[in-house]
Amino acid sequence: MEENLRIATIVRKTDENHTDRSIIEEAASILRAGGLVAFPTETVYGLGADALHEEASGKIYAAKGRPSDNPLIVHIADETQLAPIVQTVPEKAKALMKAFWPGPLTIIFRKSDVVPRGTTGGLDTVAVRMPEHKIALELIRVSGLPVAAPSANTSGRPSPTNASHVYEDLNGRIDMIIDGGTVGIGIESTIIDVTCEPPMILRPGYITKEKLERVIGPVAVDKAVTEPVSPDVIPRAPGMKYKHYAPKADFTMFSGEADKVAAYINRLAEEKICQGYKVGVIVCDETVDKYQAGDVVSVGTRKNDITISRNLYRVLREFDNKKVDYIFGETFTDDEFGQAIMNRMLKAAGYQVEIVT
Ligand code: TXA
Ligand code: MG
């Protein structure tokens, strides 16, 4: 962006448990005036704008460098905000809302006429979520608006899990950042489409297939979740077609028995370092002592998936900032919540996985 187009970005810090009302009011008035405010949610930071104001949501695309056919998620603070923006609320959606809202579940509905196509990337459907974060809920409530908010990163970079990530990407392009500390989950919400039968998961997240099926019975999973998307096919969640969550380095994952994977990665890392490259290595608490070569980082413990999801994007960003050339990583289990973590890692790695025998 040219220097003279830059705007002053206000950064305000507040605590989720003792939210400063004056900061929320300042942010809400920016949203009502058609401006952009980044705020924390329980998943990742969002970049908010008035969802019913085409020009305001248009600014989100410009600030992020986001393709205009990639629709935004509309955030609400209570269920009375849902009826005006959708055509109908199917029974299964009602059951999901009761079980998981507020929380990291986004539901796709048929949109009503008040939602501009600029917000939905030209689609007749709208994605809606009620976040489980006091700052997000209070901001939405005080603004009185449904708030369109994609992740608050530059398009193509890992989603932000703290306010400094947002600042790194969007300082000078947005009006305000509310710094509410580090988020709890660290990867984006589960997206489920209830306009089809059976309902279909378009993006896996903390609310797993198993949890959804306990509430509404069988659920399908979009192919784009587990396989690379061919450039000619537009997936049902258009965002899944872009090379998302991508670090700048060449990222490969290695799967196999722990000792063999460690030995293989150590050898490969040493080789690259000898050739003059910088190498980052992503492992877990259980195996970290097996690694000697490169910048070795444990993302968390395999005993608790959320420790891994919470750190993953931060670690990828740190490797970017250190200008790492190669990232070598272990794979993680892909059951339950692990499926969402592996989905993000596979996308970051451009699906490069080697099996070590
Ligand atoms: O956890 C989250 O969902 C975060 C926080 C801020 O709430 N938001 C987020 O937004 O991840 P974003 O824009 O980064 O990802 C939205 C995804 C995209 O893949 C987009 O294509 C899909 O949701 N999406 C939005 N509206 C849709 C619709 N009507 N139909 C299908 N997919 C939709
Ligand atoms: Mg995003």
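Hi everyone, thanks for coming. Please keep in mind throughout that we are looking at a prediction.

Let's start with helix α1, residues 21-32. After α1 comes Gly 34, with a positive phi near 90°.

Now please move along to α7, residues 258-274. The same check works here: 17 residues at 1.5 Å a residue should span 24 Å, and the end C-alpha atoms are 24 Å apart, so expectation and model agree. Its buried residues are Val 261, Ala 262, Ile 265, Asn 266, Leu 268, Ala 269 and Lys 272. You'll notice Asn 266 and Lys 272 among them. The packing partners of the buried residues in α7 are β12 (250-255), β13 (279-283) and β15. This helix, too, is followed by a glycine with a positive phi: Gly 276, near 95°.

On to the ligand. Ligand 1 has 29 residues around it, and the ones that come nearest are Thr 43, Asn 70, His 75, Ser 189 and Gly 239. Which side chains make polar contacts with it? Thr 43 places a polar side-chain atom 2.7 Å from an oxygen atom of ligand 1. Thr 125 has a polar side-chain atom 3.0 Å from a nitrogen atom of the ligand. In the side chain of Arg 129, an N or O atom is 2.9 Å from an oxygen atom of ligand 1. And how much of the ligand does the protein cover? On its own, ligand 1 has 690 Å² of accessible area, and the protein covers 99% of that.

Next, a loop residue I'd like you to find: Gln 81, between β4 (73-75) and α3 (91-100). Is Gln 81 buried or exposed? Its relative accessibility is 15%, and because the cut-off for buried is under 20%, Gln 81 counts as buried. The Gln 81 side chain reaches the backbone nitrogen of Ala 77 at 2.6 Å. Setting aside residues up to four places away in sequence, Gln 81 touches Ile 76, Ile 140, Gly 144, Leu 145 and Pro 146.

Now for some backbone geometry. Most peptide bonds are trans, and most residues other than glycine have a negative phi. Where are the cis bonds I want to show you? One joins Trp 101 and Pro 102, with omega about -10°, and Pro 102 is in the loop between α3 and β5 (105-110). Another runs from Glu 197 to Pro 198, with omega near -10°; that proline lies in the loop between β9 (190-193) and β10 (200-203).

As for phi, Lys 323 is not a glycine, yet its phi is positive, about 55°. Lys 323 is in the loop between α8 (305-321) and β15 (326-330), and at 65% relative accessibility it counts as exposed. Tyr 351 is also a non-glycine with a positive phi, about 65°. You'll find Tyr 351 in the loop between α9 (338-348) and β16 (353-355), where it is partly exposed, with a relative accessible area of 24%.

Last stop: Val 324, in the loop between α8 and β15. Val 324 is buried, with a relative accessible area of 7%, whereas Lys 323 is exposed. Leaving out neighbours within four places in sequence, Val 324 is in contact with Ala 249, Lys 278, Val 279, Gly 280 and Phe 319. Val 324 and Asp 295 are 29 residues apart in sequence, and their C-alpha atoms are 9.0 Å apart in space.

Technical notes: Residues numbered from 1 in each chain as written. Chains lettered and ligands numbered in written order. Predicted model: local features only at pLDDT ≥ 70, side-chain atom pairs only at ≥ 80, totals over all residues. Heavy atoms only, no water. Helix = DSSP H or I, 4+ residues; strand = E, 2+ residues; numbered from the N terminus. Expected span 1.5 Å × (residues − 1). Near = heavy atom within 4 Å. Polar contact = N/O pair within 3.5 Å; in protein donor to acceptor, adjacent residues only side chain to side chain. Areas by Shrake-Rupley, 256 points an atom, 1.4 Å probe, with all protein chains shown as cover. Buried < 20%, exposed > 50% of the residue type's maximum accessible area, 1.4 Å probe, protein only. Contact = heavy atoms within 4.5 Å.
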